[in-house]
Amino acid sequence: MTKKNRNLQARHFLLYLIGFLDMLAVSLVVPAFPVHIKSFGASSTLTGAITSIYGALQLFSSPLVGKWSDSRGRLNAISACLIISSTGYLFSGFFVSSLVSLALLRIIPGIFKHTQDLCRCCLIEESGHNKNQAIGSFNAIASIGFIIGPTVHGHLVANFGHTYGLYISYMICASLFLLNFLVVSILRFYPNHELYKPMPTEKSHKNGFNHENGVTENTANVENITDDLKRFQRGVFASRFLLALPVLMFRSTFVLWLTHYHPDLASTTVGYIVSYNGFLGLFFGFLVGTVSNLAYYKGHEEKLQMHASCLVLLSFILFLISSKISVILVAMTTLTMGTSVLRVCGVVLTVKYSESCDIGHIQGLGSSVLSVARFGAPLANGILQELSFSAPNAFSIFLGSLSIAVFYYDSYLYRERKLKM
């Protein structure tokens with residue numbers, strides 16, 4: 001193995017470690033947050049509104065932080081976001097008994113919690129590797145944190161009580177963000193880290209042929225792209241939103257939904273079920289790269305996204321028709337299988353025709369689309385649950401079907417037209 005390849009693998013390892021620690025930290029507190037808000041006697045609508053603060057702020061902060069990382073450097077942006085986010089989670093632990101303080105402190109991670117997106121930008125910019133494989137592995141390793149976090153929190157609550165257990169979880173979360181800051185510091189001094197310096201402002205205007213994807217690359221300025229390409233990007237963004245909204249609706253209140261239908265479940269059992277979802281994310285995340293390299297899908301992320309969207313739609317149908325634990329586990333499997341693929345394809349398709357110096361900004365815009373879903377999901381869930389606990393599932397089926405139709409006509413057919421040109 002050459003020194004260049006060793007350095008590439010080492011940088012990937014450090015980025016994967018950052019993603020893992022980040023997900024471990026937030027999974028200690030985020031899944032339990034709606035339950036804690038409900039413990040104050042808040043209604044479903046108020047719980048949804050408070051939970052939506054994070055997504056609402058990410059809508060505006062994602063493209064700004066992405067653009068900032070384009071001009072100032074990825075690692076500078078990651079380091080600053082980690083320190084400030086750590087402070088926010090630390091104070092959340094101190095004010096765990098105050099509903100108003102917890103709601104206000106959601107502002108800090110809402111503005112500065114962008115570790116995952118910035119790490120993916122670093123991986124996209126790396127040369128000499130399969131981007132689908134790298135991003136899929138990053139998502140999978142980060143998912144290990146989601147396996148461990150809810151289980152640890154469940155045991156903390158079982159042994160120390162709900163409030164003090166959540167306080168300890170917040171303290172651990174803040175400490176993990178500081179640990180991540182140290183990992184980023186190591187990455188700064190690693191050989192061949194030029195990729196993480198500020199990107200040049202000059203834009204290339206070359207057009208070439210991407211042999212890996214088998215399509216013509218358009219590297220023109222984003223403002224001057226063709227109408228067809230605008231339609232392609234619109235389809236990608238719209239379909240990501242329409243699928244992210246129901247997925248986040250389900251995940252933001254999954255624990256509430258589960259305990260509603262199964263009130264006798266112990267907190268540790270709930271933690272294991274949530275961790276099972278993280279294990280699935282780990283397994284399918286590693287599998288994405290292998291699947292994308294199959295001859296049937298190679299270079300055709302559009303087809304892969306279409307099939308993954310159908311799997312997600314199937315899972316919504318399963319959640320609607322039955323609340324049995326066995327059916328829930330099967331539905332979680334198909335949901336995670338589909339979303340694992342969609343998380344990779346969404347990133348790759350979003351920046352597929354973008355300038356290298358715009359990757360952070362474009363990725364930030366994609367994250368803003370998802371932030372709209374993060375903002376709307378808890379609120380919509382709260383309103384729909386006032387009508388019926390099954391209403392969100394029925395609405396999810398409608399949104400999933402609409403997402404597939406939009407992506408097919410706006411984005412999938414774009415590639416077919418390009419190949420015929």
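Which residue's side chain does Asp 117 meet in a salt bridge? It's Arg 120, with 3.3 Å from N to O. Keep in mind that this is a predicted model.

Asp 117 and Arg 120 both sit in helix H7, three residues apart, or about one turn of the helix. That spacing matters because an α-helix has 3.6 residues a turn, so residues three or four places apart point the same way. Both Asp 117 and Arg 120 are buried, too.

Here's how the three salt bridges of the structure line up:

| Salt bridge | N to O |
|---|---|
| Lys 113 with Asp 22 | 2.8 Å |
| Arg 74 with Asp 70 | 2.8 Å |
| Asp 117 with Arg 120 | 3.3 Å |

As for Arg 74 and Asp 70, both are buried.

Back to helix H7, which covers residues 115-125. Is H7 largely enclosed or open? It's largely enclosed by the rest of the structure, because 11 of its 11 residues are buried. Among them are Cys 119, Cys 121 and Cys 122.

Leaving aside residues up to four places away in sequence, Gln 116 touches Gly 19, Asp 22, Met 23, Phe 138 and Ala 142.

Notes
Residues numbered from 1 in each chain as written. Predicted model: local features only at pLDDT ≥ 70, side-chain atom pairs only at ≥ 80, totals over all residues. Heavy atoms only, no water. Helix = DSSP H or I, 4+ residues; strand = E, 2+ residues; numbered from the N terminus. Contact = heavy atoms within 4.5 Å. Buried < 20%, exposed > 50% of the residue type's maximum accessible area, 1.4 Å probe, protein only. Salt bridge = Lys/Arg side-chain N within 4 Å of Asp/Glu carboxyl O.
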